[in-house]
Every structure is written in structure tokens, then in C-alpha cells.
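Please look over this model with me. My notes follow as numbered points.

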Amino acid sequence: MTDVFAGMKESPFWWEEAPRPDEPPPELPADVDVLIVGGGFSGLCAARILARAGKSVLLCEANFTGFGASTRNGGMLGPSFHKLGVKGLTARYGRGRTNAILKQSIGFVDFVKDLVEEDAIDCEFQRAGRFRCASRPRHYEHMAREMEIQVRTTGIDAEMIPAARVREEIGSDRFHGGVRYLIDGGLHPGKYHDGLLRVVRNAGAIYAPRTEVTKLQRSTNGFRISTSRGDVDAGQVAICTNGYTGNVTPWFRKRLLPIRSAMIATEPLDPVVMQRLMPTRRMYGDSRRVMAYYRPSPDGQRILFGGRAAGSGDRPQKNARDLRDMMLDVFPELDKLQITHSWSGFVAYTFDHAPHLGEHDGLFYAMGYCGSGVARSSFFGTKLGHKMLGNEEEGRTAFDDMSFETKPFYTGSPWFLPALVRWHRIVDRLGF
Ligand SMILES: Cc1cc2nc3c(=O)[nH]c(=O)nc-3n(C[C@H](O)[C@H](O)[C@H](O)COP(=O)(O)OP(=O)(O)OC[C@H]3O[C@@H](n4cnc5c(N)ncnc54)[C@H](O)[C@@H]3O)c2cc1C
């Protein structure tokens, strides 16, 4: 029997075409207008606005360039309508704010499209659409109700696809129909990160890899920041560390649930098979509690398949086996296909299932994208940049002033998650 994992790389598929630069960190300035902690999309998009407005900006990245989730994700773009659903949102925030959140979210993909066009970032942006598969008949009914409200509120281009027509969208008999959204898209996250980095450096910002921020202290003119490579004074500080938020910022750490998400890539498929399995080349997801997400690679040749990782440690072999099993559940005919890459990274959930941005105790922040952060971090990072400049109008979002909750005794290590995930898997299997 052939070993389908033979020769599998334990690094992101994206790093093949966009390898992580191994560059020496630059000399640190003694003082800057703005210091940004975290070198992913949130930090880069904030830096893009701030540097272009003439601010001196230093981005500190603890690890190598683009180490975090921003170069490890699925590159899937969507409005990421709030995980609570329209009903949950309305119960919490009222109808007016819910409508504002939905309307703003619907613009996230266009926001990224405009950004990459404006700055000529070649990252294989594709308006592919998304097909969200109903794992149970009951889920289909629920999707239809949600979609109806979404269409009524925002005018989004969406359509329910019943089970009898499901093969128009996906070559699988596993599902009970689903919902098709045409607004969603995909990109190559490694190339997107490279492009943003170029733009930000051209605007004059300094990106410093291997420069961990270890201490933040208030000073007369702002902050005194200790890093692994020396101290810096900054007038303003932005925390853009999302799933990698550590003990330097305990207030934020207590409000985030870091969860490891993992992906695999397959070898190129026979084009005929690919056409049968993903005829519309969309972004895909299902409706289970422990959901899977998948897509074709930008060249349309491979399948990239993702889901919740096993535990919080980096276990590429175990994740690869689990994800392949999930993939075969959807596409049984891929059982001979070689798995070429397995990787993972941290996303950050929040207790209210919402992303957050704003200012706390003088520290600006954008984080908590709940696993849907490619478009959101681009939008939030940009808005954060405007907020830091005092551009009230341009910095305003429908997500402003949401209370950023924590729970009693929670300090930032979600010890209860493995049990919760096991429970959710049981519920999924039982079909609720
Ligand atoms: C496997 C996977 C698949 C995903 N798929 C999708 C998808 O298809 N679509 C989607 O919308 N979202 C997806 N996401 C989520 C998305 O990637 C993230 O929400 C987004 O990239 C967050 O960007 P960020 O800049 O806020 O954080 P990150 O890119 O995670 O960057 C944070 C950085 O902060 C650095 N840092 C932390 N502490 C310090 C410190 N003290 N000093 C200096 N630096 C520090 C870290 O090293 C890290 O590089 C996925 C995530 C993963 C892991």
C-alpha cells in the first residue's frame, strides 16, 4: 500500500511560492511615533495608513517575517457574518446595530479587492464565491432562514441550492444542499503578506522580524517599550497579536481564546476529477459545530483542506491524518491522493464571538477575528490606523464600543477547550 504521507512537508503550502524571508532584523530607532506589536495583516494594514500619513512606524514581529496566522490561513475571504447569526446578534445589539454590522461586513471582500488593486498587490485574488454545505437537513432549513434575512437586510447575492442540485456546486453526496454566496473570494495569503510588506516599507515603516516586545510601560510622552533587541520610545502603541497574544498584554490575553487551526494540501488532481469535485472552484465550508473549510489552490489544481487541529501543540502528522479522514468523508474518491503539506497556526476566538478594535488604557488594538480574519484583519487594521490618527469619520466601524468581555478566573489558557471540542464532535455525530 502506498504511503500517502510520504515526503509530506510540515510547513504551509503557501510558503512554496512565497517563502518566508530570512532577513536580518534592522537596527531599531530610539523613538518612533507609533510602535505596532505583531507583523501580520492587522499590523501591516494599520502601518500602511499610519506611514502614509507621515508617521514614523516600527512594526515588531517576535518571530520571522509573517510568522503568524496571516501566512498560514486558507486565504478565504467573506463577510464572515457574525457567528451568533442574525437572531443572536439582534438579541444582543438590537436591530439597528445588527443591520449596521451586516452591511459593513458585506463590504469586507470589496475592501480587500480595492486595496490589492490600489497597491498593485499580486496575490491571486479571485471572486470565486462560496458554497456552504448543509451537513444535516435541519441545517439547510436554518441556512435558508438566515439567508432570507441577510438578503433582505443587505441585498447580498445568495441562493439556496437544494440537495437535488448540490452537484452543481460540489462533487459529493455527503450534503443536504447548501447556500451559495457570490460575493466571497480567495487569495494567496503568502503573496498578500509579501505585497503588504512591500507597500508598508515603501511608505517608510520599519518592519523588524525577530524583535519580541517584552515589556510595555507608560512614560511621559507615551510608552517605553522593551524588546528582545533593545528599548524604544513610542507616542502610540497598537497591539495586533490576535491568536499569539502573550503575557506582555495580560488584559488582552484574558479576552482571547487561542485555538489552533490546521490545513493540508494534496498533490495536483487529475483535471477531470477536479472539475467533478469542485466544478465552480468556490470556497467551501460545512455547517457542523467543528466545521471543515476547503478550497482549490489558486491554480485550481490541488485541494486545500482545513479544520480544527488536535490539541494546542503543533502536531502536523496527527492533523494530516485527521484532516485527510475528514476530506475523504466529503470526497471518498481521493483515497489514493498524496498529502504534500500539513501545517497549522493560532486563531483567536472571543467570548461574544465578535472581533474587537479600539483603545484600552492608552493601547490601541484590533483582534479576535474568530477564525475569519483575512478580510476582517485587513479592514480592522486599516480602521485602527485611522483611529490612531484621530480620523474619526474614516476610523468609525459598526463594531466600535462593543464591550470586550472576559470570564471570571480566565487568564488566557483555554484548558476547557479540548473537552468542549470533544463534546461538539459528539453532537455533530449525533446529528444535532
Ligand atoms: C490554519 C488557519 C487557517 C485560516 N483560514 C482562514 C481563512 O481561510 N479565512 C479567514 O478569513 N481567516 C482564516 N484564518 C484566520 C486568519 O489567518 C487570522 O485571523 C489573521 O491572519 C489574523 O491576522 P493578525 O495580523 O491579526 O494576526 P497574526 O497574523 O497571527 O499575527 C500576529 C503576530 O503577532 C506576533 N506577536 C505576538 N506577540 C508578540 C510580541 N510580544 N512581540 C512581537 N510580536 C508578537 C506573532 O509572532 C504573530 O506573527 C486562518 C488561520 C489559520 C491558523
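1. Start with the largest cavity. Its lining is made up of Asn 242, Gly 243, Thr 245, Arg 253, Leu 256, Pro 258 and Gly 412. A cavity is a set of points, on a 1 Å grid over the protein atoms alone, where a 1.4 Å probe fits but cannot get out; lining residues have an atom within 4 Å of a point. By class, the lining holds two nonpolar, four polar and one charged residue. Here Ala, Val, Leu, Ile, Met, Phe, Trp, Tyr, Cys and Pro count as nonpolar, Asp, Glu, Lys and Arg as charged, and the others, Gly among them, as polar.

2. A word on the source. This is a predicted model: local features need pLDDT of at least 70, side-chain atom pairs count only at pLDDT 80 or more, and totals for chains, interfaces and linings use all residues. Residues are numbered from 1 along each chain as its sequence is written, and side-chain values use heavy atoms, with hydrogens and water left out.

3. Now the ligand. The shell around the ligand has 37 residues, and Ser 42, Glu 61, Ser 70, Met 76 and Val 374 come nearest. A residue belongs if one of its heavy atoms lies within 4 Å. The shell divides into 16 nonpolar, 18 polar and three charged residues.

4. Which atoms of Ser 42 and Gly 68 face ligand oxygen? In Ser 42 a polar side-chain atom sits 2.7 Å from an oxygen atom of the ligand. In Gly 68 a polar backbone atom is 3.1 Å from a ligand oxygen atom. Both are polar contacts (pairs of N or O atoms within 3.5 Å). The ligand taken alone exposes 1,000 Å², and the protein buries 96% of that. Areas come from the Shrake-Rupley method with a 1.4 Å probe.

5. Strand S16 (339-349) is among the elements that give two or more residues to this shell. S16 supplies the largest share, three residues. Strands are DSSP runs (E, at least two residues); helices are H or I runs of at least four.

6. Check two backbone angles. Most residues other than glycine have a negative phi. Cys 370 has a positive phi of about 55 degrees. Cys 370 lies in the loop between strand S18 (363-367) and H10. Asp 401 also has a positive phi, about 60 degrees. Asp 401 sits in the loop between helix H11 (392-395) and helix H12 (417-430).

7. Are these two residues buried or exposed? Cys 370 is buried, at 0% relative accessibility. Asp 401 is exposed, at 74%. Buried means under 20% relative accessible area, exposed over 50%.

Technical notes
1 Å grid on protein atoms, 1.4 Å probe; cavity = no way out; pocket = protein on both sides within 12 Å on 5 of 7 lines; lining within 4 Å. Polar contact = N/O pair within 3.5 Å; in protein donor to acceptor, adjacent residues only side chain to side chain. Buried < 20%, exposed > 50% of the residue type's maximum accessible area, 1.4 Å probe, protein only.
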